[in-house]
Amino acid sequence: MKVAVFCSSRADIDRMWIEAADILGNWIGAGGDTLVYGGVSSGLMEVVATATRSAGGRTVGVVPAKRASAENKYNTINIRVGSLCNRKETMMQLADVFVALPGGYGTLDEIVTTLTSIIFNRDSRRLIVLNADNVFEPLRLQYYAMIEHGLLEPALLKSVQFVKTIDEVIALLEQERAACSDPIP
């Protein structure tokens with residue numbers, strides 16, 4: 001399974017988020033899965049990639065040309081793209097499931113863009129958002145408010161799940177892994 005992970009490129013953040021990225025990367029790698037991510041050697045991106053590789057998984061870094069100097073040279077594959085928009089598009093094409101760990105405006109943009117693409121294309125893939133310490137709670141509430149006012153379809157809630165712990169993220173990914181490995185009838 002190919003797991004796209006959106007997350008912070010900052011290193012000076014809460015230790016619990018660093019630990020969550022490490023746990024997620026270990027889970028991806030130990031399962032023989034592939035991490036698809038922003039591809040640079042910094043912050044949570046580097047943590048999740050290092051843990052994935054250390055546990056035996058593959059890493060695919062999708063790196064905008066302007067960030068090529070920060071590209072993680074240890075990735076299994078590095079894909080250079082022209083822009084951040086190209087990065088998101090490429091990651092969406094490659095992934096079977098999406099996970100958002102805490103991050104800043106880039107992660108927020110990736111959540112909104114990915115969810116918009118899933119809904120617009122009637123895609124069955126899932127976006128799992130780690131809402132640790134309620135970092136994404138205003139976004140979750142915004143989606144509910146927009147549904148309440150008829151601006152979004154309630155079906156949106158089938159495509160995104162906001163969870164509080166990395167254990168909940170892993171449990172949902174286990175479900176996705178099982179669905180990916182089911183033989184076609």
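**Entry 1: ground rules**

I am working on a predicted model, where local features need pLDDT of at least 70, side-chain atom pairs count only at pLDDT 80 or more, and totals for chains, interfaces and linings use all residues. Residues are numbered from 1 along each chain as its sequence is written, and side-chain values use heavy atoms, with hydrogens and water left out. I take helices (H or I, at least four residues) and strands (E, at least two) as DSSP runs, numbered from the N terminus.

**Entry 2: helix α2**

I counted twelve residues in α2 and read 17 Å from its first C-alpha to its last, close to the 16 Å expected at 1.5 Å a residue. The expected span is 1.5 Å times one less than the number of residues in the helix. I noted Gly43, Leu44, Met45, Val48, Ala49, Ala51 and Thr52 as buried in α2. Buried here means under 20% relative accessible area, exposed over 50%, and partly exposed in between (1.4 Å probe, protein chains only). After α2 comes Gly56, with a positive phi near 100°.

**Entry 3: helix α1**

I found 16 residues in α1 and a reach of 22 Å from first C-alpha to last, close to the 22 Å expected at 1.5 Å a residue. Its buried residues are Trp17, Ile18, Ala20, Ala21, Leu24, Gly25, Trp27, Ile28 and Gly29. At the N-terminal end I found Asp14 as a cap, with a side-chain oxygen 2.8 Å from the backbone nitrogen of Met16. A polar contact is a pair of N or O atoms within 3.5 Å; within protein, one must be able to donate a hydrogen and the other to accept it, and residues adjacent in sequence count only if both atoms are side-chain atoms. Gly32 follows α1 and has a positive phi near 75°.

**Entry 4: α1 against α2**

Two packed helices are described by the angle between their axes and the distance between the axes. For α1 (residues 15-30) and α2 (residues 43-54) I read an angle of about 35° and axes 7 Å apart. Axes are lines fitted to C-alpha atoms, for helices over the stretch in contact, and angles run from 0 to 180 degrees between N-to-C directions.

Which residues make the contact? From α1 I listed Trp17, Ile18, Ala21, Asp22, Leu24, Gly25, Asn26, Ile28 and Gly29, and from α2 Leu44, Val47, Val48, Ala51 and Thr52. Contact means heavy atoms within 4.5 Å. By class, I have nine nonpolar, four polar and one charged residues there. Ala, Val, Leu, Ile, Met, Phe, Trp, Tyr, Cys and Pro count as nonpolar, Asp, Glu, Lys and Arg as charged, and the others, Gly among them, as polar.

I placed Thr107 in helix α4 (residues 105-120). Is Thr107 buried or exposed? Thr107 counts as buried because its relative accessible area is 2%. Its side chain reaches the backbone oxygen of Cys7 at 3.5 Å. Beyond four places in sequence, Thr107 is in contact with Phe6, Cys7, Ser8, Ala100, Leu101 and Phe136.

I placed Ser159 in helix α6 (residues 156-159). Ser159 has a relative accessible area of 9% and is therefore buried. Not counting residues up to four places away in sequence, it touches Leu115, Ile118, Ile119, Arg125, Arg126 and Leu127.

**Entry 5: the loop between β6 and α5**

I found Asp133 in the loop between β6 (127-130) and α5 (137-148), and Asn134 also lies in the loop between β6 and α5. Asp133 is not a glycine, yet its phi is positive, about 55°. Asn134 is not a glycine either, and has a positive phi of about 60°. Asp133 is exposed because its relative accessible area is 56%, and Asn134 is partly exposed because its value is 37%.

I found Thr76 in the loop between β3 and β4 (77-81). At 47% relative accessibility, I logged Thr76 as partly exposed. Apart from neighbours within four places in sequence, Thr76 is in contact with Arg58 and Thr59.

Cys85 is in helix α3 (residues 84-94). Its relative accessibility is 54%, so Cys85 counts as exposed. I read 15 Å between the C-alpha atoms of Cys85 and Val36, which are 49 residues apart along the chain.
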